[in-house]
Amino acid sequence: MTDRIEVAATELRPLLEEFIMWARANAPGSDPELVGPAALWHRLAFSQDLGTWKRADLRNLLLDRMPKVVEDPDAAADGMLPAVDAYLTFLSQTGRLNKGSDSLSDLQAELDDVEDEFVDLMEELLDDTEGDDEEGEAGDLGDFELFADELAELDTIRLRPDSELAEAARRAPLIAKARDLAVWVGSGRKVGEDTLLTDAEVDEALTAVGLPRPETEGPVAEAVPQLWNIWNLAVDLEFLEPGEAGTVAVQDDTAEWPFDDDEDVLDAWMLGLHSVDYGDPELEDDDLTMALAGLTRGMLIRLLLAGGSRERADLARDLSEAASDLDELGSDAWEAAGDPLAPAIDWLIGYGMVELDGDTVRLTPLGTEGVVHLIDDADIEVDARPAIESMSAHELLALSAELPEEEADAEFAAWMQLREPGKAAEELLDAAAEDDSDALIRVQAASVVGTLGEAAVPAWQAALKQPSLRPYAATHLSQLEVEGAPEPTQDDTHWLILDMWTISAGLGRSEFVSSLRDIGPEMVNNLLEVIWKIPHAHVEELLDLISQVHPDKQVAKAARRALFKARSV
C-alpha cells in the first residue's frame, strides 16, 4: 500500500502544484493544502484517472474515506469542501475534468448535499480526540494558551495605523534578504533532492544575501542554517514558488519589494509572520532543539504581557525556568545553546518586531501587531483596537457593535473629539453606505449621527441619495424641521422595520421570535402583505425565517406567500 501511495502522490504532485498557483488568483478564500489528501484518496480508491470524478465517488470519498484519514478534523470541517469545490472548478476550467465525469454543477450540488453530514462527522472526530488532547503532551515554550487568562486581563492594546506599520515592514532587513535570494534563484533553477543547492551555489547564495561563508570541513550546505531560514522565509512570502520537474522560481513582482501599496506590503509581511519560529535555537541534537521549541514566540508573548518591554536577563531567567519545567531536557538544552535568546532576538529584529535599547528588549509597533495576529490565530481573546486617531469610521462602527454600551460610547466620544461634527457625520454615513446588507452598521451610524443635531444636516441631505440610508435621512431631517426635506414614506418605515428585524435575527432565533411577538401576529400579518415589495438585501431571508419560526401558523403561512411574491418580482 505504501508503494501505491507514493506512486499516486508522485502522479498528483505536478497537478496539485499547478492548482495551488491557480487557487491564489481564482479561489483565494480556499485552502489548497486540504485538497491533497482528498485528491490522493480519490486516486487510490475510486479512479486511476485524475480527471474522472463522479457524484457517488465524491460522496463516498468525503463521508466514508476522509473521516478515516483526515489529520485535522477542525480544519477539514471549515475548509475541506470549499477546497474540493475550488479543485473541481480548476479541473473544469483547465479542461482536465474528463468527459466521463459528472458535470461540475452536479459535483457542486453533491458537495452541498453532503456538507452537513461531513461537518457532523468531523465534529464527531473532534469529540473523540478531545480527551486525548487533554491528556496529550504539553505545548512548547510558545504555547499562547498557557497565557489566555493573563491576555484577557490586559488593558486595551492600541494598534498603529497601517501606513506606519507598512513603512516599518518596508525596512525589515530579513524581507530584503529573502527578496535578494529569490532574485538570485531566478526562473526555473533546478534543486537537488538531498540538498537544495550545491556547495558552489550555496557560496553564490550567501553572497547574494550578505551572509559570511562558514569555516567548515563538511558540506557548506549543512553549515548555513541562517541561509535556509531565509530560503524558507522567501517561500513563506511567496517570493519563491515550486515549478515543474524539481525547479523553483522567483515570483514576477519579487524584485519590486518594497512595494508601493501599503496593503500589499502588510499582506506580504503577514505571510511571513510565522517565520518567527525560525528564530528558535538550532542545536546538533534534535531532542535538545525540540526542548527549546517555541522560544521566540514565548519571548514575544512575555514582552506583550509586560507592557511591551523587559530586561534581557529577566527574559532569559523566565524562559530558562519555563524550559526546565516543560521538558526534562530543558536545562541541558539551555546550557548547550549558550545564549538561546541571541538567535531569537536577531530574527525578530530582522523582521522588524523587536528592538534592543541597551539591555532592554522592546516590542516595536509592528511587533505588537504581529503578536496580536498570532494570538488571534491561536483563537485566544485579547482586547486589541486601532489607535483612535487612525481609526476609520467603518472600523469604529464595527468595533462598537461588539462592545458593551459604555465602552462603545467612550470610543465614539474619543473619536468625535478629533473631528468637527459635520465631518464626523459625513464619515459615519459614508461608512454606513459601503455595504447595503450591513443593517447593524447602518443603524449604529444613524444613531450616532442623530445626536449631532443641525451640524449633521449636510451629511443627512447627501445620504438621501443612498437607498439604504434614505429612510434614516428623511426621518432625521424631518425631526430637525429642515426646509424642503422630504417627509418619510411608508416604504421608509418598512425599510427601518426590516433593518431592525435583520439585527434581531442576527442575535439568534429566540431573540427574533421574541421581537415578532412584541408587535403581535396581527401587525406582523399586515406588514407581510406589503413588506415583500421593499428592495432590502435581507427581505427574502427574513420572510423565510418568519415562515419557519413564527409560532402562529397563519403568520407562517402568510410569510411563505410573501416570500413567493418577493422571489417572483
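1. Basis. The model is predicted, local features need pLDDT of at least 70, side-chain atom pairs count only at pLDDT 80 or more, and totals for chains, interfaces and linings use all residues. Residues are numbered from 1 along each chain as its sequence is written, and side-chain values use heavy atoms, with hydrogens and water left out.

2. Largest pocket. The largest pocket holds about 900 Å³ of space. A pocket here is an open set of points on a 1 Å grid over the protein atoms alone, where a 1.4 Å probe fits, with protein on both sides within 12 Å along at least five of seven lines; lining residues have an atom within 4 Å of a point. Grid points are joined across faces, edges and corners, and the volume is the space filled by probe spheres set on the points. Of its 29 lining residues, Leu 159, Val 372, Ala 384, Arg 385 and Pro 386 are the closest to the centre. Two or more lining residues come from each of α7 (162-170), α11 (262-271), α17 (365-377), β8 (384-386) and α18 (393-400). Helices (H or I, at least four residues) and strands (E, at least two) are DSSP runs, numbered from the N terminus.

3. The lining of the largest pocket comprises 14 nonpolar, 2 polar and 13 charged residues. In this scheme Ala, Val, Leu, Ile, Met, Phe, Trp, Tyr, Cys and Pro are nonpolar, Asp, Glu, Lys and Arg are charged, and the others, Gly among them, are polar.

4. Second largest pocket. This pocket has a volume of about 460 Å³. It is lined by 13 residues, of which Arg 24, Ser 30, Pro 32, Glu 238 and Leu 271 are the closest to its centre. Both α1 (2-26) and α10 (225-236) supply at least two lining residues, and α1 gives the most, with 3. By class, the lining has 7 nonpolar, 1 polar and 5 charged residues.

5. Helices α7 and α11. These two helices pack at an angle of about 60°, with their axes 9 Å apart; axes are lines fitted to C-alpha atoms over the stretch in contact, and angles run from 0 to 180 degrees between N-to-C directions. α7 and α11 are therefore oblique to each other, given that angles under 35 degrees count as roughly parallel, over 145 as roughly antiparallel, 65 to 115 as roughly perpendicular and the rest as oblique. Contacts (heavy atoms within 4.5 Å) join Asp 162, Ser 163, Leu 165, Ala 166, Ala 169 and Arg 170 of α7 to Asp 262, Val 265, Leu 266 and Trp 269 of α11. This contact has 6 nonpolar, 1 polar and 3 charged residues.

6. Helices α2 and α3. The axes of α2 (residues 35-45) and α3 (residues 55-69) come within 11 Å and cross at roughly 110°, which makes α2 roughly perpendicular to α3. Pro 37, Ala 38, Trp 41, His 42 and Ala 45 of α2 meet Leu 61, Arg 65, Met 66 and Val 69 of α3. The contact divides into 7 nonpolar, 1 polar and 1 charged.

7. Backbone points. The peptide bond from Trp 257 to Pro 258 is cis, with omega near 0°, and Pro 258 lies in the loop between β4 (247-250) and α11. Glu 238, a residue other than glycine, has a positive phi, near 65°; Glu 238 is in the loop between α10 and β3 (240-242).
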